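Keep the sequence and the model side by side.

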Amino acid sequence: MPEQYHRPNTRIGQNFLVDRNILNAILDRSEIGPRDVVLEVGAGKGFLTEGLLGRRPLMVYSSEIDRRLEPFLENIRNRNVNLRILWGDALKGGLPPRLDPSPNKMVANIPYHITTPLLWKVLELYAPAGLNCMLLMVQKEAADRICAPARSKDRYPLGITIQAMGEARIIRKVPPQAFFPSPEVTSALLEVSIDKNHHLPGVKAWRSLLRTAFSKRRKTLLNNLDGLLPGMKWEIAGRMEQAGLSVSARAEELEVDQWQVLFEMLRPSLQ
């Protein structure tokens with residue numbers, strides 16, 4: 001089909017991957033086999049979709065919001081019985097609560113402006129059902145935040161949660177020229193391995209704790225938590241000291257295991 005058939009809509013993050021060398025690097029890294037069930041969000045014209053199908057997985061679920069891309073994706077679906085297209089906004093009902101079979105891998109060039117809410121949603125829906133690997137093209141700044149260690153200014157709740165579930169690492173940087181149209185930012189291929197705490201993204205108390213802790217970065221963790229658990233400031237201070245945490249620490253200073261200890265200590269009060 002002619003390229004002019006579809007004009008990319010950058011408002012919804014349509015920067016299509018067009019570099020075949022990068023595509024092959026993604027596919028090789030994904031190590032997709034005949035037992036794998038793959039989730040793709042932001043299928044676009046199906047460049048990555050066809051690559052995934054070429055590795056002969058059990059199933060590929062491809063999510064796409066833009067119905068103007070239907071001729072491209074339906075053409076691929078007609079040739080692949082193991083492709084299911086999920087039409088709709090991935091953040092607003094476009095991803096079913098359950099998929100059968102459930103995906104164990106996510107491989108996607110995701111729209112950059114929805115990276116954080118999308119990953120929260122995907123992890124909440126599918127990690128408990130067996131999602132254990134994500135290979136994602138994201139904006140480099142987003143990858144840096146997800147991988148940020150303790151005491152980094154980039155530290156934030158999603159990154160801490162992912163690190164509590166396994167490991168996140170940047171595989172490579174990807175230049176703007178690998179996409180059409182070229183974005184104004186550098187991208188990165190991010191790999192996430194999940195091997196524990198699969199239900200953590202769906203635990204409201206955990207997310208509430210992290211959200212409140214990072215709500216005002218200039219404040220200490222203790223002062224931020226006082227807003228979440230009013231009247232318990234000195235009790236929280238005592239528990240922090242029991243856990244070996246400084247009462248003057250800020251949220252970004254805590255290691256993952258310290259977050260988990262603090263959460264277990266405060267969990268009865270967070271219900």
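Which residues point one way from E3, and which the other way? Met59, Tyr61 and Ser63 point one way, while Val60, Ser62 and Glu64 point the other way. All of them are buried, that is, under 20% relative accessible area, where exposed is over 50% and partly exposed lies in between (1.4 Å probe, protein chains only).

A word on the source. This is a predicted model, in which local features need pLDDT of at least 70, side-chain atom pairs count only at pLDDT 80 or more, and totals for chains, interfaces and linings use all residues. Residues are numbered from 1 along each chain as its sequence is written, and side-chain values use heavy atoms, leaving out hydrogens and water.

Now the sheet. It is open and holds 7 strands, in the order E4-E3-E2-E5-E6-E9-E7, with mixed pairing. Two strands pair if DSSP finds at least two bridges between them. E4 and strand E7 (166–174) are the edge strands, each pairing on one side only. From one strand to the next, the twist averages 20 degrees.

Look at two of the pairings. Strand E2 (residues 37–41) runs parallel to E3, with 5 bridges between them. Leu39 has Tyr61 in E3 as its bridge partner. Strand E5 (residues 105–109) and strand E6 (residues 133–139) are also parallel, joined by 5 bridges. Here Asn109 stands opposite Met137 of E6.

Helix H3 (residues 70–77) comes next. Its Phe72, Leu73, Glu74 and Ile76 are buried. The buried residues of H3 pack against helix H2 (47–54), strand E3 (59–64) and strand E4 (83–87). Contact means heavy atoms within 4.5 Å.

Glu74 also has a charged partner. It forms a salt bridge with Arg77, with the closest N and O atoms 2.7 Å apart. The term covers a side-chain nitrogen of Lys or Arg within 4 Å of a carboxyl oxygen of Asp or Glu. Both residues lie in H3, 3 residues apart, about one turn of the helix. An α-helix has 3.6 residues a turn, so residues three or four places apart point the same way. Arg77 is partly exposed, at 35% relative accessibility.

The structure holds 16 salt bridges. In another, Glu255 meets Arg151, the closest N and O atoms being 2.7 Å apart. Glu255 lies in the loop between helix H9 (233–242) and helix H10 (256–270), and Arg151 in the loop between helix H5 (140–147) and helix H6 (157–165), so the pair ties together parts 104 residues apart in sequence. Glu255 is partly exposed at 31%; Arg151 is exposed at 57%.

Asp154 and Lys153 form a salt bridge too, at 3.6 Å from N to O. Asp154 is partly exposed, at 26%, whereas Lys153 is exposed, at 69%. Elsewhere, salt bridges that share partners join Arg29, Glu167, Arg169 and Glu191 into one network.

Finish with two helices. H6 and H10 pack at about 95 degrees, their axes 9 Å apart. That makes them roughly perpendicular, a class that spans 65 to 115 degrees; under 35 is roughly parallel, over 145 roughly antiparallel, and the rest oblique. Axes are lines fitted to C-alpha atoms, for helices over the stretch in contact, and angles run from 0 to 180 degrees between N-to-C directions. Ile160, Gln163 and Ala164 of H6 meet Val256, Trp259 and Gln260 of H10.

Key
Helices (H or I, at least four residues) and strands (E, at least two) are DSSP runs, numbered from the N terminus.
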